[in-house]
Amino acid sequence: MSQVAPDLVDSVTLDAFERDGAVLVQSLVDAPVLARLRTATDAALSQSENYFRRQRMWESDPVCRDFCLHSFAPLVAAQLLSTRKINLLYDQVFAKEAGAVATPWHNDQPYWPVRGPAMTLWLALDGVPFAGGSLEFIAGSHKWDRWFQPFVTGNDGGVDAPYEATDGLFEPLPDFDCERDQHTVLCWEMEPGDVIAFHAMVVHGARANSSKQVRRGYAVRYTGEGATYHVGPGVNPRITNDTLRPGQQLDSAQYPVAYRRDV
Ligand SMILES: O=C(O)CCC(=O)C(=O)O
């Protein structure tokens, strides 16, 4: 597994992440690591039909564990969040089959048991053409501090229903597709090994996959220094923790420290 590569995040990348909440980093992961991660994520894909239930593979798979905890990935997250400590929140594989519907607009943090700095590294395991389930981001929306209503997703990644009992806690999702001309929407084609780094509060979704190929992405969620545990309506119960209390730091077997710099 590739180890620490210093200064992976140059100032242009960092500025883009801070300004837009999402940035493409090309050719971050090399072919041997990609091959191992494809094998590992395919094993997870064979175990669940549900688009959003292939999570926490690192806990049982050494390849995922190595990437999440011992590769350069936590360092990249630390540089982007400008933080001295990174915890792993969880990992997840997203496979959009040929013909799959779009993933609706959302921001991630309403689903996560965490308050404070958090982000994702989304690694392309396959090439992602624009029409092949490419991710889209509303530039700068991570700074809005707007918490949008989480929804229950179907097996294909579409919306099944809004989460119940969250009245008043979240804003209804605007129809961002109708508002496209009011925003800068970022979307990149990706080669295998490219990564999109994005902030947990940036509004994003994924286009339908109208190609003939599956589109597999491996997402690793990290939190930064100052992040604390929080549970409330809308939080994904499959990623919560039985022992932490609200307001505590995340450090635990479930959310291990993946990177720490003392000075
Ligand atoms: O890969 C996708 O289709 C959606 C990914 C996503 O929404 C996320 O990683 O938060």
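Colleague: How do the residues of the lining of the largest cavity divide into nonpolar, polar and charged?

Modeller: Keep in mind that this is a predicted model. On your question, the lining of the largest cavity splits into 2 nonpolar, 5 polar and 2 charged residues. The structure holds 1 cavity of 30 Å³ or more, and the space inside the largest cavity comes to about 30 Å³.

Now for a space that is open. The second largest pocket has a volume of about 210 Å³, and 14 residues line it. Thr103, Pro104, Trp105, Asp175 and Asp177 are the ones that lie nearest its centre. By class, the pocket lining has 7 nonpolar, 2 polar and 5 charged residues. Strand S3 gives the largest share of it, 3 residues, and both S3 and strand S11 (204–206) supply at least two residues each.

Those two strands take us to a sheet. S3 and S11 belong to an open sheet of 4 strands, ordered S3-S11-S6-S9, with antiparallel pairing. S3 (103–106) and S9 (185–187) are the edge strands with a single partner strand each, so one side of each has no neighbour in the sheet. On average, neighbouring strands here are turned by 20° against each other, ignoring direction. At the S9 end, strand S6 (residues 135–138) runs antiparallel to S9 and is joined to it by 3 bridges. Within that pair, Phe137 sits opposite Leu186 of S9.

Two packed helices are described by the angle between their axes and the distance between the axes. For helix H1 (residues 11–20) and helix H4 (residues 73–81), the axes come within 9 Å and cross at roughly 65°. An angle of 65 to 115 degrees counts as roughly perpendicular, and H1 and H4 are therefore roughly perpendicular to each other. On the H1 side the contact uses Thr13, Leu14 and Phe17, while H4 brings in Gln79, Leu80 and Leu81. Sorted by class, that contact has 4 nonpolar and 2 polar residues, with no charged ones.

Technical notes. Residues numbered from 1 in each chain as written. Predicted model: local features only at pLDDT ≥ 70, side-chain atom pairs only at ≥ 80, totals over all residues. Heavy atoms only, no water. Pairing = 2+ DSSP bridges. Axes fitted to C-alpha atoms, helices over the stretch in contact; angles between N-to-C directions. 1 Å grid on protein atoms, 1.4 Å probe; cavity = no way out; pocket = protein on both sides within 12 Å on 5 of 7 lines; lining within 4 Å. Points joined across faces, edges and corners; volume = space filled by probe spheres on them. Nonpolar A, V, L, I, M, F, W, Y, C, P; charged D, E, K, R; others polar. Parallel < 35°, antiparallel > 145°, perpendicular 65-115°, else oblique. Contact = heavy atoms within 4.5 Å.
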